[in-house]
Amino acid sequence: MADFTRFISYLYDYRGGARNRNLGFAKVEARQGMCRIGVNLNNGQVLAQEMTLYGYICEPDGVYLEPLGEMEKGSRERRWSFPLERLYGRGIRLESLSGLILLSEDRDFFLLSVWLSKRMAANAKIEVELI
């Protein structure tokens with residue numbers, strides 16, 4: 001990976017397996033051994049329930065989730081910062097992630113961003129398996 005990576009990825013609302021609308025974006029930056037992720041919801045949007053932020057990896061046998069942080073009920077914006085070694089120590093490289101997913105506690109609602117061409121089907125069954 002280069003010494004510096006930064007990009008923006010849009011977050012879409014998925015309910016009942018269908019993509020609905022854009023609800024915000026995530027900024028991802030990797031520099032000097034640190035990863036910084038910021039999630040911003042569009043004006044007027046707040047979370048109705050607590051959600052967990054995961055990085056996800058699409059593989060032929062399923063979608064694997066790596067927990068990255070929590071976003072509290074009522075939030076519009078949240079930032080996380082952690083050493084890239086946290087991912088590397090689990091055998092994960094930032095560029096191997098397919099995107100981010102904010103998943104509700106009841107697993108009924110999620111916001112999804114897609115970074116790579118390996119897309120997750122809107123009706124994919126999401127099983128939380130710590131990798």
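This is a predicted model: local features need pLDDT of at least 70, side-chain atom pairs count only at pLDDT 80 or more; totals for chains, interfaces and linings use all residues.
Which side chain meets Arg 79 in a salt bridge?

1. The partner is Glu 77, with N and O 3.5 Å apart. Arg 79 is partly exposed, at 45% relative accessibility, and Glu 77 is partly exposed too, at 48%.

2. Across the whole structure, a search turns up 6 salt bridges. One of them joins the side chains of Arg 6 and Glu 29, at 3.2 Å from N to O. This pair ties together distant parts of the chain: Arg 6 sits in strand E1 (residues 4-15) and Glu 29 in strand E2 (residues 18-31), 23 residues apart. Arg 6 counts as exposed because its relative accessible area is 55%, above the 50% cut-off. Glu 29, at 12%, is buried.

3. Glu 29 also belongs to a network: salt bridges with shared partners join Arg 6, Glu 29 and Arg 31.

4. Have a look at Arg 90 as well, which forms a salt bridge with Glu 66; their closest N and O atoms are 3.2 Å apart. This pair, too, links distant parts of the chain, with Arg 90 in the loop between helix H1 (85-88) and strand E7 (99-104), and Glu 66 in strand E5, 24 residues away. Arg 90 is partly exposed at 45% relative accessibility, whereas Glu 66 is buried at 2%.

5. Strand E5 (residues 62-71) also holds Glu 70, which is partly exposed at 33% relative accessibility. Together with Glu 50, Glu 105, Asp 106 and Asp 108, Glu 70 forms a negative surface patch.

How values were computed
Residues are numbered from 1 along each chain as its sequence is written. Side-chain values use heavy atoms; hydrogens and water are left out. Patches are made of residues with over 30% relative accessible area and no salt bridge: like charges are joined within 9 Å, nonpolar side chains (Val, Leu, Ile, Met, Phe, Trp, Tyr) within 5 Å. Accessible areas come from the Shrake-Rupley method with a 1.4 Å probe; for residues, only the protein chains shown count as cover. A salt bridge is a side-chain nitrogen of Lys or Arg within 4 Å of a carboxyl oxygen of Asp or Glu. Lys and Arg count as positive and Asp and Glu as negative; His and the chain ends are not counted. The place of a charge is taken as NZ of Lys, CZ of Arg, CG of Asp or CD of Glu. Helices (H or I, at least four residues) and strands (E, at least two) are DSSP runs, numbered from the N terminus. Buried means under 20% relative accessible area, exposed over 50%, partly exposed in between (1.4 Å probe, protein chains only).
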